[in-house]
Amino acid sequence: MLARSSVLAVMLAGCDFVFGVNGQPEPCELRSFGGATRTEIVEAEEFSVDWDQTFAVFSQGGLNWQMKLPDGTPEMIDLGVYVNLTFALAPEGTSLFFTAAIEPPTLRGALRDASTWAISAEVPRGTYAGTPSADAFGPRRVLVRLRYELDEIQEYEDDSGHWVAVGQPITVRTQTAPNLTPNGLTMVYSALEPELGPGVYAQSRTSVDEPFGAPVLLREGKARAAQLCGRCQQLYVVGDGEGSTLVRYDR
Amino acid sequence: MRVLGWWAVRWFLGLVIATSTASAQPAPPEPPTPPTGEQAAPEPAPTPAVTAFRAGRDLLDAGQFEAACAKFTESIGLDPDAPGTLLNLGLCNEKLGKTATALAWFRRGQYRSAEAQMGEYEQAAKEHAVVLAARVATLRVDAAPGVTVKVDGATLSETERARVELDPGTHVIEAGTEHREITVHDGDKQELTLKTEAPKHYVMVDRGVKQRHYAYYAVGTGAALYLASASLSLVGRSRYHDSDHPETYQRWQGIVRYGGTSLFLVGSAAVVGGVYLYVKAPKRERIEQVAPIVARDQLGVAIAGSF
């Protein structure tokens with residue numbers, strides 16, 4: 001009976017194995033967004049969106065806003081008295097890292113309860129945090145820029161509500177912190193690489209235990225707060241042209 | 001025709017009586033006697049058949065039997081049902097010694113006389129036929145069913161081979177490439193066995209056509225299931241790789257795993273079953289056509305085949 005069940009199980013594992021649908025998270029394919037469709041969403045200086053691309057938090061005119069995507073009405077939110085420099089929503093849209101523009105810039109966290117935000121979340125040590133990975137893929141990971149004036153990026157892992165550093169800091173030439181995709185296997189950032197030139201770059205790894213690979217240029221030119229969504233089919237940035245507008249690229 | 005029939009009856013009866021009493025001396029022809037009560041009517045002009053018949057009678061009386069037969073043959077060609085001409089054909093051939101030919105004419109004359117209710121003619125023809133039938137040379141030909149047998153160029157049916165009546169003399173029997181000559185005399189009873197085999201006529205019989213159709217259906221179904229499996233798997237793969245959500249791509253993994261694989265397995269079973277049915281289907285057979293058998297001790301049909 002057991003042998004028969006085993007044979008049946010092996011046989012039924014055929015098509016998913018053949019077609020590479022093995023249930024394990026994989027890094028998405030990194031390709032250029034040159035020639036991708038550009039869609040302007042809202043005037044914003046900084047922003048972050050959830051993984052379903054249905055909800056965004058952004059700052060504009062020194063104030064903080066949230067809105068439903070793609071064309072909801074912005075609602076002002078209260079994240080304290082300070083101007084905020086970066087936002088990083090958890091993929092589920094339920095928690096938020098943001099950096100308050102005080103001296104020195106300070107990383108903070110907020111939890112969403114219905115339509116309000118409570119500034120009470122524990123945050124890792126550092127200045128800027130990128131978008132963390134999703135809970136569904138295991139303990140949440142996040143990349144944090146340790147100091148304002150240094151390019152050192154430290155990865156942290158959520159250990160039952162406490163952020164624990166994982167591995168050694170790496171150098172990423174970005175002004176803030178790289179954003180992770182929901183599965184934690186790809187990081188994307190806007191960089192002013194002296195050798196490569198300004199642009200949006202991404203690096204992938206096959207598992208969260210592996211180091212990131214070489215950077216891949218996704219889009220040339222100046223931009224900020226780059227975030228990849230939809231298995232790297234959409235790229236969100238601000239400040240890629242005149243003024244400051246949240247823009248989505250679809251390829 | 002009636003005129004000729006009446007003429008022929010009188011001539012033939014006269015001849016029969018004469019031959020029976022004068023031993024092969026033909027009786028002098030009697031002039032035709034018009035029917036009673038019609039003496040005043042002018043005699044109608046003789047038809048070509050009557051003319052030929054009269055000429056034949058004259059030749060017969062003159063002992064020119066061959067020429068007489070020719071005239072009677074001419075006459076019977078013009079009036080095929082004249083009993084008197086038929087009987088005279090039998091008579092002249094009998095005089096020529098062509099027993100079988102004479103017998104055939106007498107038989108035909110007997111039948112025709114019976115049909116025409118001409119009792120005297122029928123009786124006369126019958127008497128001659130009985131005598132000649134006892135005397136005629138016969139040949140039995142044994143040949144394979146389907147073989148065309150010819151005697152002096154005339155084709156025999158398979159039922160006729162059991163008894164072929166022959167005039168005395170030499171005859172040629174042909175069967176396919178086989179060629180025999182035999183000489184017979186009155187009273188002979190010969191048998192001839194021919195070894196030529198019948199030409200084989202084959203027909204194609206396909207007893208597996210239905211099974212092969214089922215095989216095609218099964219393989220077609222299998223191919224369709226393969227296609228469905230591949231399509232489902234490709235769609236699943238696309239959805240799997242397009243989603244960031246674990247529950248989404250795990251759901252598609254399950255769909256591809258259980259749905260796609262199941263379709264593939266069922267399709268494989270259908271293809272294997274189809275191939276099995278095709279391989280096991282009876283092959284096309286080439287068989288001989290059914291042929292009748294007529295032999296000395298059997299009558300029936302035979303079928304033979306090969307594949």
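Author: In chain A, 43% of the 251 residues count as buried (20 or more other C-beta atoms within 10 Å of the residue's own; 12 or fewer is exposed, in between is partly exposed, and C-beta atoms are placed from the backbone). The model is predicted: local features need pLDDT of at least 70, side-chain atom pairs count only at pLDDT 80 or more, and totals for chains, interfaces and linings use all residues. Residues are numbered from 1 along each chain as its sequence is written, while chains are lettered from A and ligands numbered from 1 in the order written.

Chain A has two helices and 20 strands. These are DSSP runs numbered from the N terminus: helices are H or I with at least four residues, strands E with at least two. Of the chain A contacts with a separation of 6 or more, 42% join residues 24 or more positions apart. Contact means C-beta atoms, placed from the backbone, within 7 Å.

Now the sheet. Four strands of chain A form an open sheet, ordered 6-7-8-9, with antiparallel pairing. Strands pair if DSSP finds at least two bridges between them. Strand 6 (84–89) and strand 9 (116–118) of chain A are the edges, each pairing on one side only. On average, neighbouring strands are turned by 30° against each other, direction ignored. Look at one edge. Strand 8 (residues 106–113) of chain A is joined to antiparallel strand 9 of chain A by three bridges. A:Arg112 has A:Trp117, in strand 9 of chain A, as its bridge partner.

Next, the helix pair. Helix 4 (residues 83–96) and helix 6 (residues 119–135) of chain B pack at about 25°, with axes 11 Å apart. Axes are lines fitted to C-alpha atoms, for helices over the stretch in contact; angles run from 0 to 180 degrees between N-to-C directions. Helix 4 and helix 6 of chain B are therefore roughly parallel (under 35 degrees; over 145 is roughly antiparallel, 65 to 115 roughly perpendicular, the rest oblique). Helix 4 of chain B contributes B:Pro83, B:Leu87, B:Gly90 and B:Glu94 to the contact; helix 6 of chain B contributes B:Tyr121, B:Ala124, B:Ala125, B:His128 and B:Leu132. By class, the residues of this contact are six nonpolar, two polar and one charged. Nonpolar covers Ala, Val, Leu, Ile, Met, Phe, Trp, Tyr, Cys and Pro; charged covers Asp, Glu, Lys and Arg; the others, Gly among them, are polar.

Notes. Contact = placed C-beta atoms within 7 Å.
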